[in-house]
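Here is a friendly walk through one protein model. Please have the sequence and the structure open beside you as you read.

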Amino acid sequence: SVADRVYRVVLDTGSSDLFVPLSGCKVCVGDPNAFYDPYASPHGDGRVVPCDAHCAYCQRWSFPVSGRDGNYCAFNATFGGGLTESALECEDEVRVGAVGTTSAAPFGGIYNITMPGGGTAAA
C-alpha cells in the first residue's frame, strides 16, 4: 500500500523500483479515483519530489519537468520489448504486507506509458 491505498503490483526481483499510477495519468488502466494523489496523502508527508539544478535525484538519473508547484524529478524506465514508463519521483509511506515505512519512502508515480514505435497504450 502507498498512503493507505492498496495497489496490486508485479514484484520485479531484478529491480528496486516501485511504480503506481499517478493521479492525472491518461493512459493508465483502472479507476482514476484510485490513482496515487500526493496532495491527498492521509499522513501529510506525500509529495512529488521537487527538482532544481542541484537536486540529488536529478543529478543521478532523472530530469526536471514543470508541474503544479514548480519543477519535479521525472524519469523514464524502459522494459523488455521497448515499453517505457514515464514517472515522477514521489515520496510517501509505503507498505509491502506487514513491512513498511513510518516516514516517506521513494517510488515512481506513472504519468505516461509509451509503446515501441512511439504510440501510447494503457498499462
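## The disulfide

The count of disulfides, meaning pairs of cysteine sulfur atoms within 2.5 Å, comes to 1. It joins Cys25 to Cys28, with 2.2 Å from S to S. The torsion about the S-S bond of Cys25 and Cys28 is about 80°, so this disulfide is right-handed.

Both Cys25 and Cys28 are buried; here buried means under 20% relative accessible area, exposed over 50% and partly exposed in between, with a 1.4 Å probe and protein chains only. Two further cysteines deserve a look: Cys73 is buried with a relative accessible area of 0%, and Cys90 also counts as buried, at 0% relative accessibility.

## About the model

This is a predicted model, in which local features need pLDDT of at least 70 and side-chain atom pairs count only at pLDDT 80 or more, while totals for chains, interfaces and linings use all residues. Residues are numbered from 1 along each chain as its sequence is written, and side-chain values use heavy atoms, leaving out hydrogens and water.

## Overall build

The protein chain has 1 helix and 8 strands. These are DSSP runs numbered from the N terminus, with helices being H or I of at least four residues and strands E of at least two. Read from the N terminus, the order of elements is β-β-α-β-β-β-β-β-β.

Of the 123 residues in the protein chain, 37% are buried. Among the chain's contacts (heavy atoms within 4.5 Å) with a separation of 6 or more, 49% are between residues 24 or more positions apart. The chain exposes about 7300 Å², and carbon and sulfur atoms supply 53% of that area; accessible areas come from the Shrake-Rupley method with a 1.4 Å probe, and for residues only the protein chains shown count as cover.

## Two nonpolar cores

A nonpolar core is a set of buried Ala, Val, Leu, Ile, Met, Phe, Trp, Tyr and Cys residues joined through side-chain atoms within 4.5 Å. The largest one has 15 residues, of which Val2, Val20, Tyr36, Leu88, Cys90 and Phe107 touch the most other members. Strand 4 (70-78), strand 5 (84-92) and strand 8 (105-114) each supply at least two residues of this core. Apart from it lies another core, of 10 residues, including Cys25, Cys28, Phe35 and Ala77.

What does Leu88 touch, leaving aside its neighbours within four places in sequence? Its contacts include Leu22, Val48, Val65, Tyr72, Phe75, Phe107 and Tyr111.

## Aromatic pairs

Rings of Phe, Tyr and Trp (its six-membered ring) pair if their centres lie within 6.5 Å; planes under 30 degrees apart count as stacked, over 60 as edge-to-face and the rest as tilted. That rule gives 3 aromatic pairs. One of them is the tilted pair of Phe19 and Phe75, at 5.9 Å centre to centre and 45° between the planes. Phe19 lies in strand 1 (residues 19-21) and Phe75 in strand 4, so the pair ties together parts that are 56 residues apart in sequence. Phe19 is buried at 15% relative accessibility, and Phe75 is buried with a relative accessible area of 6%.

Tyr36 and Phe107 form an edge-to-face pair, 5.1 Å centre to centre with 80° between the planes. This pair links distant parts of the chain, with Tyr36 in the loop between strand 1 and strand 2 (47-48) and Phe107 in strand 8, 71 residues apart. Both Tyr36 and Phe107 are buried. Ring pairs also link Phe19, Phe75 and Phe79 into a cluster.
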